[in-house]
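Colleague: I am new to this structure and would like to go through the terms used for it. Please set each value against its definition.

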Amino acid sequence: MSYLKSISILSALLICLSFTMLHHGWADYDQTKVLDFKTTIDESVYENPHVLVKVKYNKETWTVFLAPTSRMNDRGLTGDMIKKGTSVRLVAYPHKTEKGEMRAERIFVDGKKFELR
């Protein structure tokens, strides 16, 4: 019985650790390098776990992680507001190791600011 209990606890621990490694928090992004720029959305994926947009920054395509859909909706930012072709201003941080990836702190759409953290 204690062997089965130990195996169950170990399995639960391994499952929790695997999900933790998949989560990419703010620590992965260089918050000392603030990128503040205007751009046009080339592609938008409005789904969980995070809304993603692709934009041009310094003539390169970047993937920008926004907030989860629930947070976006709570703050009044819908999928229709950030569809392909929408002009936006982003304030974001580049990923420390992944080239072409950033995480947005805030986004401005039609001059209105939306905090994403």
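Modeller: What follows is a set of questions on those terms, with answers.

Colleague: How do you know how far the model can be trusted?

Modeller: This is a predicted model, in which local features need pLDDT of at least 70 and side-chain atom pairs count only at pLDDT 80 or more, while totals for chains, interfaces and linings use all residues. Residues are numbered from 1 along each chain as its sequence is written, and side-chain values use heavy atoms, with hydrogens and water left out. pLDDT is the predictor's confidence in each residue, on a scale from 0 to 100. For the protein its mean is 87, and 79% of the residues reach 70 or more.

Colleague: What makes residues 13–23 a stretch to treat with care?

Modeller: Over residues 13–23 pLDDT stays under 50, and the model has 0 contacts there beyond four places in sequence. A contact means heavy atoms within 4.5 Å. Where pLDDT is low, the predicted coordinates should not be read in detail.

Colleague: Why is Thr 63 called buried?

Modeller: Buried means under 20% relative accessible area, exposed means over 50%, and partly exposed is in between (1.4 Å probe, protein chains only). Thr 63 has a relative accessible area of 18%, so it is buried. Buried residues make up 38% of the 117 residues in the protein.

Colleague: What surrounds Thr 63?

Modeller: Thr 63 sits in strand S3. Beyond its neighbours within four places in sequence, its contacts include Leu 52, Val 53 and Met 102. Lys 54 is also among its contacts, and the side chains of Thr 63 and Lys 54 make a polar contact at 3.1 Å. A polar contact is a pair of N or O atoms within 3.5 Å; within protein, one must be able to donate a hydrogen and the other to accept it, and residues adjacent in sequence count only if both atoms are side-chain atoms.

Colleague: Why is the pair of Lys 99 and Glu 60 called a salt bridge?

Modeller: A salt bridge is a side-chain nitrogen of Lys or Arg within 4 Å of a carboxyl oxygen of Asp or Glu. The closest N and O atoms of Lys 99 and Glu 60 are 3.3 Å apart, and the pair forms a salt bridge. It links distant parts of the chain, 39 residues apart: Lys 99 is in the loop between strand S4 (87–94) and strand S5 (101–109), and Glu 60 is in strand S3 (residues 60–65). Lys 99 counts as exposed because its relative accessibility is 72%. Glu 60, at 36%, is partly exposed. In total, 7 salt bridges are counted by this rule.

Colleague: What joins Arg 106, Lys 113 and Glu 115 into one network?

Modeller: Glu 115 meets Arg 106 in a salt bridge at 3.0 Å, N to O. Glu 115 also forms one with Lys 113, at 3.5 Å between the closest N and O atoms. Salt bridges that share partners therefore join Arg 106, Lys 113 and Glu 115 into one network.

Colleague: Are Glu 115 and Arg 106 buried, exposed or partly exposed, and what decides it?

Modeller: Glu 115 has 31% relative accessibility and counts as partly exposed. Arg 106, at 22%, is partly exposed as well.

Colleague: What makes a set of residues a nonpolar core?

Modeller: A nonpolar core is a set of buried Ala, Val, Leu, Ile, Met, Phe, Trp, Tyr and Cys residues joined through side-chain atoms within 4.5 Å. The largest one has 23 residues, and those with the most contacts inside it are Leu 66, Ile 82, Leu 90 and Ile 107. Its largest share, 4 residues, comes from S5.

Colleague: Which residues does Arg 89 touch, and where does it lie?

Modeller: Arg 89 lies in strand S4 and is partly exposed, with a relative accessible area of 29%. Beyond its neighbours within four places in sequence, its contacts include Phe 37, Arg 106 and Ile 107. The side chains of Arg 89 and Asp 36 are joined by a polar contact of 2.8 Å.

Technical notes. Helix = DSSP H or I, 4+ residues; strand = E, 2+ residues; numbered from the N terminus.
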